[in-house]
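Here's a quick briefing to read with the structure open beside you. Grab a viewer and follow along.

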Amino acid sequence: MAATEFRQVVSVFLASPGDLKDEREIARGVVARFNWLYSRFFSLTVELVVWEDVPSAHGRPQEIINRDHLARCELFVGMLNEAWGSNTGKYSSGFEEEFTIAEESLNATGRPAMGLLFKHVDDRRVKDPGKDFAKVLAFKES
């Protein structure tokens, strides 16, 4: 009989609006590759959660994401490009709601660790950002 192997699961929540679908797919690939190559060596498995992976259920979709995934993550990674996201009824976007909850949790409990990534945007686009991208730029400044 083989010995039982225990691995720590590190939950990573990836917050990003819809315009970064390709980047979320790349992140999934990186995590899958890491788990394939290193999870046994480090006795660690990374669980990546993105909003598309959350099954629909009864209730406000963002509340399900917040309760079932965001609340238990060890690492919050926020990615932004030009889109700010959709209004959730409580915040101007799902990203804003997720970031705010993660930041409040970090300040209160010391977790999750947080990181932000901003995709490079052409300078001409920055000069005429439009309403949605203006929100991203204001968030980046803050």
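In this predicted model, the buried residues of helix 2 get their cover from, among others, strand 1 (8–15) and helix 3 (94–109). Helix 2 itself takes in residues 61–68, and its buried residues are Gln62, Ile64, Ile65 and Asn66.

**A closer look at Asn66**
- Asn66 sits in helix 2, and it counts as buried because its relative accessibility is 7%, under the 20% cut-off.
- What does Asn66 touch, leaving out residues up to four places away in sequence? Its contacts are Arg60, Ala71, Glu97, Glu98 and Ile101.

**Strand 3 and its partners**
- Strand 3 covers residues 75–80 and is mostly tucked away, with five of its six residues buried.
- On one pairing, strand 3 runs parallel to strand 1 over four bridges; look for Leu14, whose bridge partner in strand 3 is Val77.
- Strand 3 also pairs with strand 4 (residues 113–118), again in the parallel sense, this time over six bridges.
- To find that pairing on screen, pick Gly78, which stands opposite Leu116 in strand 4.
- Strand 3, helix 3 and strand 4 together make a β-α-β unit, and that unit is right-handed.

**The chain as a whole**
- The protein chain has five helices and four strands, and reading along the sequence gives the pattern β-α-β-α-β-α-β-α-α.
- The C-alpha trace spans about 65 × 35 × 30 Å along its principal axes.
- Of the 142 residues in the protein chain, 35% are buried.
- Take the contacts between residues at least 6 apart in sequence: 68% of them join residues at least 24 apart.

- Trp36 belongs to helix 1, which runs over residues 21–42.
- Is Trp36 buried or exposed? Trp36 is exposed, because its relative accessible area is 72% and the cut-off for exposed is over 50%.

Conventions: Residues numbered from 1 in each chain as written. Predicted model: local features only at pLDDT ≥ 70, side-chain atom pairs only at ≥ 80, totals over all residues. Heavy atoms only, no water. Helix = DSSP H or I, 4+ residues; strand = E, 2+ residues; numbered from the N terminus. Buried < 20%, exposed > 50% of the residue type's maximum accessible area, 1.4 Å probe, protein only. Contact = heavy atoms within 4.5 Å. Pairing = 2+ DSSP bridges. Right-handed = clockwise from strand over helix to strand, strands pointing away.
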